[in-house]
Amino acid sequence: HHTMTSRAYIGSIDQGTTSSRFIVFNEKMEIVVQHQIEHKQMTPKPGWLEHDPQEIFENVCVCIVEAIKKLRVLDASFKTLAGVGITNQRETTVAWDRDTKNVLCNAIVWSDVRTSAIVERTIREHNDDARFAAAICGLPVSTYFSAMKMKWMLENVDDVRHAATKGTLCFGTIDAWLIWKLTGEKVFATDVTNASRTMLMNLKTLSWDEGLCKEFGIPMKALPDIRSSSEHYGTISTQEDLLATVLGRERPVPICGCIGDQQGALVGNMCFQAGEAKNTYGTGCFLLANVGPTVPRASGNGLLTTVGYQLGRNAPCMYALEGSIAGAGSCVQWMRDRLQLFKQYNEFDGLARSVLDTGGVTFVPAFSGLLAPHWDPEARGTILGMTLQTSKAHVVRAALEAIALQVADVVHAVESDSSIAFTVLKVDGGLVRSSLLMELQSNYLGIPVQIPSMLETTALGAAVCAGLAAQVWRSTDELVAYRNCHSSSQTVAPLLSKDERNAKRREWKRAIAKAKGWAKL
Ligand code: G3P
């Protein structure tokens, strides 16, 4: 059969909320091979969500091995990868012991709301100002960020506390965990984008903030080194037998890119100019807008200030405004697995299209509270307006409407907070395969939605970080020029009138008000 060769291959580890993947790109930024494995979602209590860090690491290794096997079939001359980049679900927190090498408890996932009591207490102690630290770290106090999860572990897990006392505790986001494991438990490092999600990093100095670490009781010794998103982190250990056999022992493979997954999509979508933005529809929805190399003033509209990327040790750090939405793909998955409204993902679009509207149903998918722009951990999922006529098709359609309406809210927040005026929304992520969702999105925004032909922009972002450090590519300009010549996209234009759009958004506002505060005792 067909064989192919390439000048260089770059590997991308995409460790997401529901699955891990390894994707190999060639120097034309095309996907050559990939492998994907889902991992367990542990929900020991309502609102809690845990992952097993060891399972995630092993899945990543198997993905690498399987993808490389496929690559060897396609390209017999394949020797090794030029470099590997890591992109990951952000905020999810792992604790391990640097001496015993043991994981000390399950990872607490970003959407887990167990820390809501700690959050409430902290906000109360600061004159009810949830944004008291935003001038330093860009974030409001929320269950979402790692610092609260670390604090919870220190207060509730004996092994974590003991390791802290001994001085052997390591706290890391998933990127730091994978770098530690893949380098044979040698390198303890994270990148600026992931560090910016902990609440512990100073956005201006790009280093851990002593005051905030003290404030939240996090020992600075337990935190990894902060590096740029594109530099040499270490080499993949050949101790790991599994990997050594497929990657070869002669030339060690460098890990030379690391970036949070939403920032990865910003890079993969090539939003390198201030004012450029993308929205990714994954487990959640995350809109990031590049705002350039100076830290903007803290948002007045419920957005986060975060690091967009820093492509090299001496490169400027580009900042971003972010609107984070917790419930998107997770809601579709819930309808499939828990309610069993349909069996496969390719069915929900047709089901939702089988009715002309939601029949008056509004669905607020606040399963784990609401993030931007509301920041209410006590909001809960709500389906309003049902009658005896309501069918599952109405409910599924209402869920798709809700995803689009949430995104419309954060787009407007970005416009109010910055000088950016959206004329088009660039999108990516698995859910953009739903053509109804894209139509609804365009309708509720009143602007076109632009869908790239290559949807794996998150993984591409990590490959770009690694490929720049490994000198497969020279500059972002080269990448943008190449992309502009060689890739295509599809555009969906709005059809709804302004009045209809406004009526929809008013109804949505009323529904949000009902979902808020529901879990409050
Ligand atoms: O902040 C959480 C985000 O990084 C998760 O992304 O794609 O794994 O849902 P995803």
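Tutor: A polar contact is a pair of N or O atoms within 3.5 Å. In this predicted model, the side chain of arginine 90 has an N or O atom 3.0 Å from an oxygen atom of the ligand, which means that the pair falls within that cut-off. Threonine 17 also has a side-chain N or O atom by a ligand oxygen, at 2.6 Å. For tyrosine 144, a polar side-chain atom is 2.7 Å from an oxygen atom of the ligand. On its own the ligand has 310 Å² of accessible area, and the protein covers 92% of this.

The shell around the ligand includes Gly16, Gln89, Glu91, Trp110, Asp261 and Phe286. By type, the shell residues are three nonpolar, six polar and three charged.

Now the pocket itself. The ligand sits in the largest pocket, whose volume is about 1100 Å³. Its lining is made of 41 residues, and those nearest the centre are Thr18, Tyr281, Gly282, Thr283 and Gly430. Among the elements that give two or more residues to this lining are strand S2 (19-26), strand S3 (31-38), helix H10 (261-268) and helix H15 (457-469). Helix H11 gives the most, with five residues. Thr283 belongs to the shell around the ligand and is also one of the lining residues nearest the pocket centre. Sorted by type, the lining has 10 nonpolar, 20 polar and 11 charged residues.

Terms used: Residues numbered from 1 in each chain as written. Predicted model: local features only at pLDDT ≥ 70, side-chain atom pairs only at ≥ 80, totals over all residues. Heavy atoms only, no water. Near = heavy atom within 4 Å. Polar contact = N/O pair within 3.5 Å; in protein donor to acceptor, adjacent residues only side chain to side chain. Areas by Shrake-Rupley, 256 points an atom, 1.4 Å probe, with all protein chains shown as cover. 1 Å grid on protein atoms, 1.4 Å probe; cavity = no way out; pocket = protein on both sides within 12 Å on 5 of 7 lines; lining within 4 Å. Sits in = over half its atoms within 2 Å of the grid points. Nonpolar A, V, L, I, M, F, W, Y, C, P; charged D, E, K, R; others polar. Points joined across faces, edges and corners; volume = space filled by probe spheres on them. Helix = DSSP H or I, 4+ residues; strand = E, 2+ residues; numbered from the N terminus.
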